[in-house]
Amino acid sequence: MLVVADIVEAIRGVRPGWEGGKIKGAVVDSRQATLGSLFVALKGENVNGHGFVEDAFNRGAAYALVEEDLPSKWPMLDLRPGNDLPAHPIPQAPYCIRVENSLEGLQKAARFWRRKLSLRVIGITGSVGKSTTKEVVAQVLSQRYRTLKNPGNLNNEIGLPMTLLGADRTHECAVLEMGFYVPGDIAFLCDIALPHVGVVTNIGTVHASRAGSQEAIARGKAELVQALPPAPDGTAILNFDDPWVKNMAQQTQAQVFYYGLQPDAHLWADQVESLGLDGIRVRLHYQGETLYLRAPMLGRHSVHTVLRAAAVGLVEGLSWQEIVAGIQSGTAQLRLVTTRAKTGALILDDTYNASPESTLAALNLLEELDGRKVAVLGDMLELGPYERSGHEMVGVRAAQVVDELITVGERARMIAAAARKAGLNDHYITELENTQAAIAFLQGRFREDVVVLVKGSHGMHMEQIVSALEADR
């Protein structure tokens, strides 16, 4: 288990003559502090974590990684350059560990600790499907190995180091989702995590407003496969059906493993059948073998999640029995969940976030379900140069699927306009300004024979619509 001496060596490059206390994970939110944890006090735009050190200690944290002067009531281990390391550890927690920069200290500690562990790391990136893929891959690997994964969406320069500091020497695998906003992000995360296997889901338009273009997004995601060790130690698991991802094979020295819906892929699937809310049924092909599989995932598009999880299992030497058991274990927390309105209508809650690609997938699922189909679609943010084309693409597909369309937000008016142009009767299109207007409009409208998809970017707070429909106040 991680000890204070590891933090000292990570920061100063020299190991003290003592070990110090054990550190049981790291947190940046004092409310999540637990007995023996390390609280990392970060300075954000709106909140300074140094003001919550006392709260973290009161909740059981043993140590706080800080970069500011704090009240002298807590002992301080000062690791800044120029300070001599103490000959003996501070005898009793809680106490503060002072560094020049808390975030950099966290990252250095995680980088150091990762290199001390005998850990097989699977990195996962892509525009859509990262989190669900992470969950299912972890389920598969857990059939044989003690497996670590990032909780929730802790996939950035803060969350990934925190995850690694929660590893101990009993872990055999780590499944790490890697987020991308601007070029260099994933390369930085890979330098900390040292992945052996890289899984790329797809390349979409989300974050184009920051990255600049789909080409730039592809370059950023390719940083994962570029960081892999050469074959046979490294393996890039690539989506054969996405040209952007398929072409990443030219950018890695790792072994390439293709998955997809075409027979030219190493692992491929056909006969994909939606079972509605009961999941999907699919036929898999690999090295002359054929396997029929039923998976508890919603929508035909989930076949790619199945393929990715199976591919990792095959690369890591698992049997088909273990792979199938992992996929069917059904504990993955899907972003899209179903709930019921008080009126009896079925709600497809896909409000975590939205891109054109994920919204099209959600509309495809809506099409597969029985009942009168209604889509409540909000603005899709951060699309940059793809803003108009992305919204219009969704509008055209919505016109093919829905009986009624409600849009929320100024950008979503482009969805409505495209749906109208594609043939959806204007009588069945409603354009609303914000979520509060949508809640007022939707209250009590839908009965048991209706399926309502609610989706939009996180910044649109579409989850408030779902909550209101569930409560039906």
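Which strands does helix H11 (residues 320–328) lie across? In this predicted model, helix H11 lies across S12, S13 and S14, and its direction runs at about 20° to that of S14.

**The open sheet and its helices**

- Nine strands, in the order S7-S8-S6-S9-S10-S11-S12-S13-S14, make up an open sheet whose pairing is mixed.
- Strand S7 (147–149) and strand S14 (289–295) stand at the edges with a single partner strand each, so one side of each is left without a neighbour in the sheet.
- On average, and with direction ignored, neighbouring strands of this sheet are turned by 20° against each other.
- Within the sheet, strand S9 (residues 197–200) and strand S10 (residues 235–239) run parallel and are joined by four bridges, with Gly198 standing opposite Ala236 in S10.
- Helix H10 (residues 303–315) also packs on the sheet, where the strands it touches include S6 (120–125), S11 (255–260) and S13 (280–286), and its direction makes about 145° with that of S12.
- The buried residues of H11 are Trp320, Glu322, Ile323, Val324, Gly326 and Ile327, and what covers them includes helix H4 (130–141) and H10 as well as S12, S13 and S14.
- Just after H11, Gly330 takes a positive phi of about 70°.

**A buried lysine without a salt bridge**

- Lys221, which is found in helix H8 (residues 214–226), is buried yet has no salt bridge, and the nearest side chain of opposite charge, that of Glu177, is 8.3 Å away.
- A polar atom of the Lys221 side chain does, however, lie 3.0 Å from the backbone oxygen of Gly126.
- Apart from neighbours within four places in sequence, the residues in contact with Lys221 are Thr125, Gly126, Ser127, Phe180, Ile186, Ile203 and Met248.

**Strand S20, covered on both faces**

- Strand S20 (residues 450–455) is largely enclosed by the rest of the structure, because six of its six residues are buried.
- In a regular strand the side chains alternate between the two faces of the sheet.
- In S20, the buried residues are Val450, Val452 and Val454 on one side and Val451, Leu453 and Lys455 on the other.
- Strand S16 (residues 346–350) runs parallel to S20 and is joined to it by five bridges, with Leu348 opposite Leu453.
- Strand S17 (residues 372–378) likewise pairs with S20 in the parallel sense, over six bridges, and here Val374 stands opposite Val452.

**Salt bridges**

- The count for the model comes to 32 salt bridges.
- Lys43 forms a salt bridge with Glu68, their closest N and O atoms being 3.3 Å apart; Lys43 lies in the loop between strand S2 (38–40) and helix H2 (53–58), and Glu68 in the loop between strand S3 (63–66) and strand S4 (76–78), so the pair ties together parts that are 25 residues apart in sequence.
- Arg115 and Asp191 form a salt bridge in which the closest N and O atoms are 4.0 Å apart, and this pair links helix H3 (residues 102–116) with helix H6 (residues 185–193), the two residues being 76 residues apart.
- Arg115 counts as partly exposed at 40% relative accessibility, and Asp191 counts as partly exposed at 37%.
- A network of salt bridges links Asp6, Glu9, Arg15, Glu19 and Lys116.

How values were computed
Residues numbered from 1 in each chain as written. Predicted model: local features only at pLDDT ≥ 70, side-chain atom pairs only at ≥ 80, totals over all residues. Heavy atoms only, no water. Buried < 20%, exposed > 50% of the residue type's maximum accessible area, 1.4 Å probe, protein only. Lys, Arg positive; Asp, Glu negative; His and termini not counted. Polar contact = N/O pair within 3.5 Å; in protein donor to acceptor, adjacent residues only side chain to side chain. Contact = heavy atoms within 4.5 Å. Pairing = 2+ DSSP bridges. Axes fitted to C-alpha atoms, helices over the stretch in contact; angles between N-to-C directions.
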